[in-house]
Amino acid sequence: MASQVLISASATPPRRWRCGVRDTRKQPGHAVVAVIVRDADVVVIGAGQAGLSSAYFLRRAGLDFVVLDAGNAPGGAWQHRWPTLRMATVHGIFDLPGMHFPEPGPDEPANTAIPAYFAAYEEEFDLPILRPVHVDTVKSTVDNRVLVSGDEGEWSARALVNATGTWTKPFWPRYPGQETFRGRQLHTAGYPGPAEFAGQRVLVVGGGSSAVQALLELAEVADTTWVTRREPVFRDGPFTQEYGRMIIAEVDARVRAGLPPTSVVGATGLARTPAVLAAEKSGVLRRLPMFSRVTPDGVAWPDGSAQDIDVILWATGWRAALDHLAPLGLRGPGGGIAVEDTQVVADPRIFLVGYGPSASTVGANRAGRAAVHRIRALLDPVAA
């Protein structure tokens, strides 16, 4: 009978762990796999801003916890942003709790500046982060714990902080004829920067900040067209913490009601920067309404007009990456997960940080503190 112990060679396990035996195949002659099940008070999934904020407050609270991160290196989703995204065009970054973010130069790439800050933060507070660990499922156990299973084994915890964000789940809308298009289609998640689109006809779809950022730089090398479902809303003035809190309150009302959250960034409006002002004057930001179908050579509108296109860039946003939580049955009739101050109403052991109102840099910090406050009350009601 073959046996196997699953434990990461690159990760130090938490202080407590136990070994269980799981029969993975019931047919005679197949292997029984011995699995390391590591125990912790709290498991955090994800080491972006929301996960790091939660880890900071868990450390301060003296709780036994581990952070499981799918990335190969610190930085969360920021390490995957397109190389031409500069700090000057980033949509507001706030300090992580306990450590100032030394503001880089405006021309420094965001995909190196912010990951460097995250890496320094992890080291400064000696956070127990294991990577790369890809979580597949989260289930409930008979002893009222949560069992987190992934490619590096299993973790058993009394509470779970989910901070997986949205980057791994880009949203692709569907339009008639989309599969017939002979050109190139890509999502912002795979956008490599403008250089390889030089001289091409590029259609940018979407009304958010990523669409505008891509459009501005593509317009310098390509023939661009911009389409959105709604008229974009541009905002003058700086993105302050007070303004951010107002927007977060609006999104919070939706998740409390169990509705799918809207994008925090989308709700803030588009900043009218000097680059945006110049693009408005030059006509680059002239927006067309959404087409009704995709043709082999481009797109067509309901009035019969059409346009030939070489590339469609879908800057259409993301959805919360929560598929691994499906076994817990958290979604309600409204299609979303009802959450109150990060705590899932249907399962108080689960905390969603970086979901809905906390899916922003200012919201993530507050949410990490709020989650840990509630976790302490959950694990030790008398002390709380």
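Reader: What makes β4 and β5 count as paired in this predicted model?

Author: Two bridges join strand β4 to strand β5 (residues 129-130), and the two run parallel. Pairing requires at least two bridges between the strands, so β4 and β5 qualify. Within β5, I129 is the bridge partner of V67.

Reader: And which way do the side chains of β4 point?

Author: From β4 (residues 65-68), F65 and V67 point one way, while V66 and L68 point the other way.

Reader: Why are the residues of β4, F65 to L68, called buried?

Author: Buried means under 20% relative accessible area. F65, V66, V67 and L68 are all buried, so each one falls under that 20% cut-off. Across the protein, 49% of the 384 residues count as buried.

Reader: Happy with that! What makes β9 and β14 edge strands?

Author: The open sheet has five strands in the order β9-β18-β10-β11-β14, with parallel pairing. Strands β9 (184-187) and β14 (287-289) each pair on one side only, and they are the edges. From one strand to the next, the twist averages 25°.

Reader: How do you know that β10 and β18 pair?

Author: Four bridges link β10 (residues 201-205) and β18 (residues 311-314) in the parallel sense. The criterion is at least two bridges, so this pair meets it.

Terms used: Residues numbered from 1 in each chain as written. Predicted model: local features only at pLDDT ≥ 70, side-chain atom pairs only at ≥ 80, totals over all residues. Heavy atoms only, no water. Buried < 20%, exposed > 50% of the residue type's maximum accessible area, 1.4 Å probe, protein only. Axes fitted to C-alpha atoms, helices over the stretch in contact; angles between N-to-C directions.
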